[in-house]
Amino acid sequence: MALPPFLTSIVGWLRAGYPNGVPEQDYIPLFALLTRRLSETEVDAVADALIEDGDLPIEKTDIQVLITKITNEMPLETDVDRVRSHLAVGGWPLAEPDDRR
């Protein structure tokens with residue numbers, strides 16, 4: 001399934017920020033950031049694209065568990081800032097360190 005251009009851009013930013021794939025310690029803060037800006041359906045589509053291409057070496061069910069965990073236990077702000085920095089390097093326009101909800 002082809003992603004809409006906006007989500008394709010997000011996948012591109014993620015790949016630029018994480019050229020070697022997303023490390024495990026960044027999964028939760030990454031999805032916490034994505035869920036602040038995207039709908040659940042959009043986050044699922046981005047996760048599917050990353051999993052399909054091997055950029056996110058976990059299963060779809062693991063992503064769903066992580067998203068549920070995010071809603072019950074927010075990541076540390078230092079983790080979010082670390083991920084935000086990776087996204088900024090990749091060109092994510094909403095990843096500035098002072099960009100808070």
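**Notebook: salt bridges, helices and burial**

I take a salt bridge to be a side-chain nitrogen of Lys or Arg within 4 Å of a carboxyl oxygen of Asp or Glu. Arg84 is buried, with a relative accessible area of 2%, whereas Glu77 is partly exposed, at 34%. Here buried means under 20% relative accessible area, exposed means over 50%, and partly exposed lies in between (1.4 Å probe, protein chains only).

I note the basis of these entries. The model is predicted, so that local features need pLDDT of at least 70 and side-chain atom pairs count only at pLDDT 80 or more, while totals for chains, interfaces and linings use all residues. Residues are numbered from 1 along each chain as its sequence is written, and side-chain values use heavy atoms, with hydrogens and water left out.

**Entry: the other salt bridges**

I searched the whole structure and recorded six salt bridges. Side chains of opposite charge can pair when their charged atoms come close.

I then examined Asp55 and Arg15, whose side chains form a salt bridge at 2.5 Å, N to O. This pair links distant parts of the chain, 40 residues apart: Asp55 sits in the loop between helix 3 (40–52) and helix 4 (60–72), and Arg15 belongs to helix 1 (residues 5–17). I use helix for a DSSP run of H or I with at least four residues and strand for a run of E with at least two, numbered from the N terminus. Asp55 is buried at 15% relative accessible area, and Arg15 is partly exposed at 30%.

I next checked Arg82 and Asp26, which also meet through their side chains in a salt bridge (2.5 Å, N to O). They too link distant parts of the chain, 56 residues apart, with Arg82 in helix 5 (residues 77–89) and Asp26 in the loop between helix 1 and helix 2 (27–37). Arg82 counts as partly exposed at 29% relative accessibility, and Asp26 counts as buried at 1%.

**Entry: helix 5**

I computed the span of helix 5: its 13 residues reach 18 Å from the first C-alpha to the last, close to the 18 Å expected at 1.5 Å a residue. The expected span is 1.5 Å times one less than the number of residues.

Which residues of helix 5 are buried? I list Val80, Val83, Arg84 and Leu87. Seen down the helix axis, these buried residues fall within an arc of 105°, so they line one face of helix 5. The arc is that of the directions from the helix axis to the C-beta atoms. On the other side of helix 5, I find Thr78 and Val89 exposed. The cover over the buried residues of helix 5 includes helix 1 and helix 2.

**Entry: Gly91**

I followed the chain past helix 5 to Gly91, which has a positive phi, near 100°. Gly91 is partly exposed, with a relative accessible area of 38%. I also noted Trp13, 78 residues from Gly91 along the chain, with the two C-alpha atoms separated by 5.6 Å.

**Entry: helix 2**

Is helix 2 largely enclosed or exposed? Eight of its 11 residues are buried, so helix 2 is largely enclosed by the rest of the structure. I list the buried residues as Tyr27, Ile28, Pro29, Leu30, Phe31, Ala32, Leu33 and Leu34.

**Entry: Ala45**

I looked up Ala45, which lies in helix 3. Leaving aside neighbours within four places in sequence, Ala45 is in contact (heavy atoms within 4.5 Å) with Leu3 and Leu7. Ala45 and Pro4 are 41 residues apart in sequence, and their C-alpha atoms are 9.6 Å apart in space.

**Entry: the whole chain**

I closed with the overall values. The protein chain has five helices and zero strands, in the pattern α-α-α-α-α along the sequence. Of its 101 residues, 39% count as buried. Among contacts between residues at least 6 apart in sequence, 70% join residues at least 24 apart. The accessible surface of the chain comes to about 5800 Å², of which 54% belongs to carbon and sulfur atoms. I note that accessible areas come from the Shrake-Rupley method with a 1.4 Å probe, and that for residues only the protein chains shown count as cover.
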